[in-house]
Amino acid sequence: MRHARRRVVRRVTRLAAVGGLLLGATMVTHAVASEPRAPGAVPLSTAGEKASARPGDELVSRLGTSRTAGSWIAADGGTVVAVTDEKAAAQVRGAGAEPKMVDHSMDDLKSATRTLGSAPRVPGTAWAVDYRTNEVVVRGDRTVSADDWSELTEVADGIGGFVRMERSEGTFTTRLNGARPILSTAGRCSAGFNVTDGKRDFILTAGHCGPDGSVWFADDQAKQEVGTTVGGSFPGDDYSLIEYASGRAGEGAGVVAVGEGKGVRITGVADPTVGQRVFRSGSTSGLRDGEVTALNATVNYPEGTVSGLVESNVCAEPGDSGGPMFSEGIALGVTSGGSGDCRTGGTTYFQPVTKALAELDVRLIVAPGADGGAAKPSPAPSDAQGAVAPDTASPGSSTSVKGILPDPSTLVSRLADPRNVGPGLLVFGASLVALVASRWIRAEQDRKAYRRHYSATWG
């Protein structure tokens, strides 16, 4: 009876080991076959091509910065280009856009911002070029003293009459927090967009959220680890990468949360356009919309100066930093900071996604289509601006939110990832060891039985 049980156990062990060998080999084969591809990722070159395809940008590039002063989207969705001479205006009309005659070229406007940038730094101030009024707008929040404001006004007066000075009620601050809250000892921030380098997945968020080495969690008790900050830039720029603890973003990586269990599929990346309607999602104030008012803005935060930002009239509040800005399913920026709130309004600044992707050498992870198949990228907002008015723009196609943050169990996440070679090798190796061990144990049992039999026979 005992021998029969042993035979059954040995057979089950051998079958399990052989099955494990086949499973491990299948997992390794599948991982190797899928490794070269980066499914669901938008190449950086795609973002660059979309950004350069905008009608206004093409005209400005062709006519030159001495004859133009920026472009924007009109209320009817058409393209408007600021020009400084009639010949340039005729060329703009010939291209199907609307010209607007202005006094100051882009060269003049950029020269003004360079002069402001070379003046003594005053925290609580910001400036950007307003294409539509052909002015450089300088803003100062309530923390700027009367003496500092007076000195900056003297600098502006020396530049010329196209620099407009404005005082702001709020305070220019970085906005910690966002669309999906992530927490560390550095503070509370937001998951922006998921990105990949082809081997590992990351969260793209604001750079001021925390220095390299900051560990992030999905809960305030530090039990569900999300990942660790592994690179970024702040001040100067305002972006950073958080590497997922599991190495993978998981299900729903191409979706951004907009509240009430809903999300928006992200299908592409581009640079925004002045006049474009945009949407921002944050954990404090939820989904909000507004308009891009300026590009290449400079903000003097208390922590340092950040340039190249997108200025908008979308409201934001502390708790929204790092959250995503998007339109028609196209990723545009991550929340940097601003002034005001969602009761009285204010100004909010965003780090452009395209520059962050280029500097960090990563690609945006996009969502699959509604049928689960690969989604075709939505047209960049600039591609549709000639036919779609800003008021008719939408965040993008909606879906339910699942698995924005990774499984807190790193081991389970890695074992469940079909792209990871390690689990397959582990299963294959363990099964091989089990098979060899079962054969050795059987051989030892046979030898002992043989000895017992002959010992009894020989007396």
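Guide: The second largest pocket is lined by 28 residues, and Met 106, Lys 110, Tyr 131, Leu 295 and Asn 296 lie nearest its centre. This is a predicted model: local features need pLDDT of at least 70, side-chain atom pairs count only at pLDDT 80 or more, and totals for chains, interfaces and linings use all residues. Residues are numbered from 1 along each chain as its sequence is written, and side-chain values use heavy atoms, leaving out hydrogens and water.

Visitor: How is a pocket found?

Guide: Rolling a probe the size of a water molecule over the atoms shows where empty space is left. On a 1 Å grid over the protein atoms alone, a pocket is an open set of points where a 1.4 Å probe fits, with protein on both sides within 12 Å along at least five of seven lines; lining residues have an atom within 4 Å of a point.

Visitor: Which residues of α6 are buried?

Guide: An α-helix has 3.6 residues a turn, so residues three or four places apart point the same way. Helices here are DSSP runs (H or I, at least four residues), numbered from the N terminus, as are strands (E, at least two). In α6, Trp 149, Leu 152 and Ala 156 are buried (under 20% relative accessible area, 1.4 Å probe, protein chains only). Seen down the axis, these buried residues fall within an arc of 70°, so they line one face of α6; the arc is that of the directions from the helix axis to the C-beta atoms.

Visitor: What is on the other side of α6?

Guide: Asp 147, Glu 154, Asp 157 and Gly 158 are exposed there (over 50%). Gly 160, with a positive phi near 145°, follows α6.

Visitor: What covers the buried residues of α6?

Guide: The cover includes α5, β5, β6 (135-140) and β7 (163-167). Both α5 (106-118) and β5 (125-130) also each supply at least two residues of the lining of the second largest pocket.

Terms used: Contact = heavy atoms within 4.5 Å.
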